Amino acid sequence: MDRNSPPPAPPRKRLTIVDYLLFASVIGLIVFASYRVNDVLVYHWNWSRVFGFIIRFDEETGSWVANLLMYGLATTLRLAVWGTIFATIIGILMGYWRTVDNLTLRIISRSYVELVRNIPPVVFIFIFYFFISSQLFPALGVDDIDRDGYIVNTWAFWILFGDPALLSNFLAGVLCLAMFEGAYVTEIVRAGIQAVPKGQWEAARAIGLSRTNVLKDVILPQALRKILPPMAGQFITLIKDSAIVSLISIQELTFLATEVAATTTKVFETWILVGAMYFVLCYSFALLFAWLERRAARSRR
Amino acid sequence: MLDAHAKPLVEITGMCKWYGDFSALFDINLTVHEGEKVVVCGPSGSGKSTMIRCINQLEAHQKGTIRVDGVEVSPELKNIEGIRREVGMVFQSFNLFPHMTILDNLTLGPTRNRGISKKEARDLAMHYLERVHIAEQAEKYPVQLSGGQQQRVAIARALCMKPKVMLFDEPTSALDPEMIAGVLDVMIELAEEGMTMIVVTHEMGFARKVADRVVFMDQGEIIEVAEPEQFFSNPQSDRAQLFLSQLLGH
Ligand SMILES: Nc1ncnc2c1ncn2[C@@H]1O[C@H](COP(=O)(O)OP(=O)(O)OP(=O)(O)O)[C@@H](O)[C@H]1O
Ligand SMILES: [Mg+2]
């Protein structure tokens with residue numbers, strides 16, 4: 001035999017009869033569903049009414065301006081970004097507490113995680129929202145911050161937090177979401193910390209580093225590197241989960257979509273459109289993260 | 001070889017340790033004086049690692065006392081970091097910090113603990129890297145080095161803290177045979193400069209060359225303490241004889 005001959009080609013993957021049947025039944029289902037909607041329900045599709053809520057033509061200024069659904073999308077994005085930032089802070093703290101010797105800290109962090117994971121999200125959000133809006137915000141004086149509007153009326157503020165009039169509403173949404181997602185981040189961080197080999201702790205202690213420095217200089221940098229992929233996934237989950245804060249009247253995409261659906265009575269169009277908007281948003285982030293991960297893997301020695 | 005008036009650096013008296021109900025160490029008594037080199041050997045599971053890990057309290061003992069340079073170490077000790085800075089440790093599996101360059105591995109301890117400037121720490125690190133003969137690798141990451149080089153970096157990292165005593169836990173057991181000599185050479189140089197050393201190893205050549213005393217352990221107890229020549233040629237206990245015959249048998 002000739003050593004230099006090319007390796008045999010791998011067997012081709014071919015579609016079988018079962019695959020064709022599956023495709024056919026999926027298409028059949030879609031056709032049937034649209035037939036039911038069009039002919040049995042006698043539904044009149046009207047996409048243009050709904051599209052007008054993404055961008056509309058302003059007669060007065062003679063230009064195209066963003067409308068409700070775009071505002072909602074922007075709020076959802078802001079919620080996701082701030083929610084992730086706070087959830088990460090909560091998650092790193094609680095995740096570390098999950099791994100310490102101190103029993104009190106372990107009980108606190110464990111209770112937090114179990115509480116969030118074993119109550120339906122809606123119920124948790126209602127309870128927590130009640131606490132925030134009736135106790136926390138009045139105590140902090142959130143509504144009185146910056147009465148004169150020096151900071152609030154700047155561009156940067158609008159981009160970061162949206163409409164100042166809705167600030168406490170927005171912050172409540174961020175906090176609810178962060179508390180909720182923080183529990184899942186906690187578990188990711190805990191797994192990351194525990195995945196750092198024991199020898200790293202010992203070597204760091206052996207050169208006399210303080211507890212804080214062991215964590216800050218040696219353990220967390222390695223743990224965080226390991227948890228970047230699951231954290232990216234959690235960020236996308238958070239975008240989807242953000243829809244839940246529409247229940248406490250946070251004016252994000254799902255909340256505004258409910259209003260649009262009610263005013264236009266075009267229920268199917270609205271929700272299909274909103275679904276597409278979420279999909280584009282989440283899938284773009286998924287592609288971005290996958291790309292970043294590939295780049296990081298390549299640059300690693 | 002040993003100065004009779006040297007002060008005791010590590011004093012272990014009546015030390016016992018349990019893992020749950022399992023007695024890992026029982027009634028350990030050992031004093032190591034300044035400048036002395038002690039080799040610890042014994043069968044696998046005899047408690048060698050556990051004993052030296054108690055000295056810098058990576059493991060807590062439950063009975064007896066351990067003094068390092070006159071200070072008693074215990075799990076309750078507030079300033080345990082202070083003791084650890086005086087005690088360098090080298091592990092079987094190197095345990096370099098993989099996310100840092102070689103240089104950063106070395107400067108981390110001094111900058112964080114000794115409060116010295118980046119520049120000073122750098123000079124210190126380069127000095128020790130030269131001593132272990134790998135100064136040219138300073139900017140690389142641990143994975144880019146061979147096992148032997150990594151272990152020498154680990155030795156330099158411990159030395160950067162200017163420890164009073166160095167602990168080695170089977171520093172050459174994880175190395176390919178051709179890497180062992182380089183690490184042992186560094187350790188021999190260190191010994192010749194007068195460093196106080198406690199070395200868990202089965203390298204008999206090393207023990208013969210540098211050890212003042214050999215400590216033989218079995219089942220969590222110190223069975224025999226002797227000078228290397230005497231221990232290797234004429235061990236007193238049956239267990240040491242058995243251990244040596246097995247070691248030489250291979
Ligand atoms: N964390 C632990 N929990 C329970 N038992 C342990 C633990 N660490 C060590 N032991 C037990 O204590 C005994 C002594 O272990 P030690 O690692 O000190 O042995 P050793 O002499 O260093 O052996 P080796 O030559 O294999 O490294 C062993 O029987 C081991 O199983
Ligand atoms: Mg061992």
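Predicted model: local features only at pLDDT ≥ 70, side-chain atom pairs only at ≥ 80, totals over all residues.
Residues are numbered from 1 along each chain as its sequence is written, chains are lettered from A in the order in which they are written, and side-chain values use heavy atoms, with hydrogens and water left out.

**Exercise 1.** Find the strand order of the open four-stranded sheet in chain B, and then its edge strands.

*Solution.* Strands are DSSP runs of E with at least two residues, helices are runs of H or I with at least four, and both are numbered from the N terminus. Two strands pair if DSSP finds at least two bridges between them. The order in chain B is 2-1-4-5, with antiparallel pairing. Strand 2 (22-33) and strand 5 (71-73) of chain B are the edges, since each pairs on one side only. Next, eight bridges join strand 1 (residues 8-19) of chain B to strand 2 of chain B, where B:W18 stands opposite B:S23.

**Exercise 2.** Determine which strands of chain B are joined to strand 9 of chain B, and in which directions they run.

*Solution.* Begin with strand 3 (residues 37-41) of chain B, which runs parallel to strand 9 of chain B and is joined to it by four bridges; here B:V40 has B:V215 as its bridge partner. Continue with strand 10 (residues 221-226) of chain B, which runs antiparallel to strand 9 of chain B, with five bridges, and B:V215 stands opposite B:V225.
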